[in-house]
Amino acid sequence: MNATVSPRSNTALVFGGSRGIGAAIARRLAREGHPVALTFVSQPEKAVAVVASIQADGGQAIALQADSADAQAIASSVKQAVDTFGPLQVAVVNAGIYQGSPLADFPTDLLDRMLAVNVRGVFLAVQAAAAAMNDGGRLITIGSNTAVRSGAVGSSVYAMTKSAVATLVRELALDLAPRRITINNIQPGPIATDITADFVDQLVQRNPLGRVGQPDEVAGLSAWLASHEAAYMTGSSLTIDGGWAI
Ligand SMILES: NC(=O)c1ccc[n+]([C@@H]2O[C@H](COP(=O)([O-])OP(=O)(O)OC[C@H]3O[C@@H](n4cnc5c(N)ncnc54)[C@H](OP(=O)(O)O)[C@@H]3O)[C@@H](O)[C@H]2O)c1
């Protein structure tokens, strides 16, 4: 007698999926067949546009307002994603902020905000997503090459937050392994998004490949990490930065 096997849900949740790298990841995961929930905090019209483009391509998507600095908002976004599409197969923790300042003038509220979103928010998102995930699911964080390369004057706090993410991922791989959930960290170098728009020319000049990366290039790596082929990789940080070595 054949046992009845219930179909496994394939839901993907992208924290910070309304612009830039996160939007490219949301679109790519939708093309790979995942129903996608994406969060945003401040620009609903951008989130709505990403959802509309996924739906126009025949995919399924919803946008959820959830500040990654707010534990309740994160928990609620996970619940809404699961209520809509079923347990998570993939979660990508992309939401992050960058603002530089010289040490002497570094504002304490900026320090607190970057720690709240880029470190505390990553931990809370992984914790909430893992609890709502299929065994064998995939967690992906978006760190930065500043965890392993010197960046620019004023970027120290940002680099510190991204180093914390790499360490967190390395250690959480052990917690998650018994459930065959993998967790890996992508460390992009300069990518053409709103974050880099004001100094893209400088970044191009300093990059060995003579260009900045495109959000779709990070999305491609995310799609591979989310796939069955990546089942043996966990706890890793993968740097994708055009060979930036300064
Ligand atoms: N671009 C680069 O060169 C680069 C390089 C290395 C690493 N990264 C990392 O890659 C990630 C994405 O960067 P990006 O360049 O694509 O940035 P971006 O264009 O500024 O987009 C950031 C995305 O995250 C969302 N977000 C920001 N703060 C949030 C919060 N508190 N709660 C929930 N969502 C939030 C934004 O939503 P709203 O539209 O609502 O604000 C938006 O969807 C970040 O973690 C960044 O540190 C970027």
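Predicted model: local features only at pLDDT ≥ 70, side-chain atom pairs only at ≥ 80, totals over all residues.
A residue counts as buried when its relative accessible area is under 20%.

**View 1. Thr-39, a buried residue in strand β2.** Let's start inside β2, the strand that holds Thr-39. The relative accessible area of Thr-39 is 1%, so the residue counts as buried. A polar atom of the Thr-39 side chain sits 2.8 Å from the backbone nitrogen of Gly-16. Leaving aside residues up to four places away in sequence, Thr-39 touches the run Leu-13, Val-14, Phe-15, Gly-16, Gly-17 and Ser-18, together with Leu-64, Ala-66 and Ser-77.

**View 2. Ser-9, in the segment before β1.** Here we look at the stretch that precedes β1 (11–15), where Ser-9 is found. Is Ser-9 buried or exposed? Its relative accessibility is 15%, and Ser-9 therefore counts as buried. The side chain of Ser-9 places a polar atom 2.5 Å from the backbone oxygen of Pro-87. Pro-87 is also among the residues that Ser-9 touches, along with Phe-85, Gly-86, Gln-89 and Asn-134, when residues up to four places away in sequence are not counted.

**View 3. The largest pocket and its lining.** This pocket holds about 1100 Å³ of space. Of the 48 residues that line the pocket, Gly-96, Ile-97, Tyr-98, Tyr-158 and Ile-195 lie nearest its centre. Two or more lining residues come from each of α1 (20–31), β2 (36–40), α4 (108–131), α5 (156–176) and α6 (200–206). Sorted by class, the lining of the largest pocket has 22 polar, 19 nonpolar and seven charged residues.

**View 4. The second largest pocket and its lining.** About 330 Å³ of space lies in this pocket. Which residues lie nearest the centre of the second largest pocket? They are Asn-10, Gln-89, Ala-226, Ser-227 and His-228, from a lining of 17 residues. The elements α1, β5 (133–142) and α7 (215–225) each give two or more residues to this lining. By class, the lining of the second largest pocket has seven polar, five nonpolar and five charged residues.

**View 5. Confidence along the protein chain.** Confidence is highest in β1, at 99, and lowest in α6, at a mean of 93.

Notes. Residues numbered from 1 in each chain as written. Heavy atoms only, no water. 1 Å grid on protein atoms, 1.4 Å probe; cavity = no way out; pocket = protein on both sides within 12 Å on 5 of 7 lines; lining within 4 Å. Points joined across faces, edges and corners; volume = space filled by probe spheres on them. Helix = DSSP H or I, 4+ residues; strand = E, 2+ residues; numbered from the N terminus. Nonpolar A, V, L, I, M, F, W, Y, C, P; charged D, E, K, R; others polar. Buried < 20%, exposed > 50% of the residue type's maximum accessible area, 1.4 Å probe, protein only. Polar contact = N/O pair within 3.5 Å; in protein donor to acceptor, adjacent residues only side chain to side chain. Contact = heavy atoms within 4.5 Å. pLDDT = per-residue confidence, 0-100.
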